[in-house]
Amino acid sequence: MGYNVAIDGPAGAGKSTIAKRVAKEKGYIYVDTGAMYRALAVYFLDKKINPENLDAIAAACEGAEVKIQYEQGEQQVYLNGENITSRLRNEEVGNMASKVSAVPEVRAHLLNLQKELARTQDVVMDGRDIGTCVLPEADVKIFLTASVETRALRRYKELEEKGVSCDLEEIKKDIKERDERDCTRKIAPLRQAEDAVLIDSSDMTIEEVVKAITDNIV
Ligand code: C5P
């Protein structure tokens, strides 16, 4: 069994930035599970499957083979043999991922892949249900959150830097909707594991959050 650090929290809490830094500092592998949900979202979007049609989503999972590889330490996501990593981080894919992640077949389709990655190596894995469902025996569990305002502003700046024009109020609305969906779904909802350390990063720097986490790694 590898040493497992689970980081869960809502959209835009800074999980991936922080998890990457912690992984680098400790020499662990960073596993971004959101990217796996996004990969399935790309598959459903390409197939033009309506996310409201849950039966169609459930049935289509079988045709999507998601694989993870590491190239120069960066996680690369393969969908049916094709590297689709560059297609994962946009709002359309994120929204689709958020919708379809409530479908039990979608979650089941990715669970073994996630468990297997953590079984054999030291990982920092981020997501929504890592501490509660995927790695309930994780050595360290962190629940990383921040206020809606802070998260929206961070996403706004991130998009602006990429040259994508966006509207702060729209982003806020989007984040709230995503939180609502992630927290209220029946299967593997977003919630803090009982044994997780809560970190609210609203008024913390990246360095402070990284330290707060690595302090828990012994
Ligand atoms: O974290 P990220 O925004 O990339 O995740 C995309 C979507 O995938 C989230 O909105 C969430 O609904 C879903 N997800 C999940 N469980 C995880 C990781 C992501 O349900 N472990």
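## The largest cavity

The largest cavity has a volume of about 30 Å³, where a cavity is a set of points, on a 1 Å grid over the protein atoms alone, at which a 1.4 Å probe fits but cannot get out, and a volume is the space filled by probe spheres set on those points. Its lining, meaning residues with an atom within 4 Å of a point, consists of Ala11, Glu91, Arg155, Ile171, Asp174, Ile175 and Arg178. By class this lining holds three nonpolar, no polar and four charged residues, and α8 contributes the most to it, with four residues.

## Basis of the model

The model is predicted, with local features requiring pLDDT of at least 70 and side-chain atom pairs pLDDT 80 or more, while totals for chains, interfaces and linings use all residues. Residues are numbered from 1 along each chain as its sequence is written, and side-chain values use heavy atoms, leaving out hydrogens and water.

## The ligand shell

Around the ligand there are 16 residues, of which Arg38, Arg107, Asp129, Asp182 and Arg185 are the closest; a residue counts as near if one of its heavy atoms lies within 4 Å. Oxygen atoms of the ligand lie 2.6 Å from a side-chain N or O atom of Arg38, 2.8 Å from one of Arg107 and 2.9 Å from one of Arg185. Taken alone the ligand exposes 450 Å², of which the protein buries 96%, by the Shrake-Rupley method with a 1.4 Å probe.

The shell is made up of three nonpolar, five polar and eight charged residues, and α2 gives the most to it, with four residues.

Definitions and conventions:
Polar contact = N/O pair within 3.5 Å; in protein donor to acceptor, adjacent residues only side chain to side chain. Helix = DSSP H or I, 4+ residues; strand = E, 2+ residues; numbered from the N terminus. Nonpolar A, V, L, I, M, F, W, Y, C, P; charged D, E, K, R; others polar. 1 Å grid on protein atoms, 1.4 Å probe; cavity = no way out; pocket = protein on both sides within 12 Å on 5 of 7 lines; lining within 4 Å.
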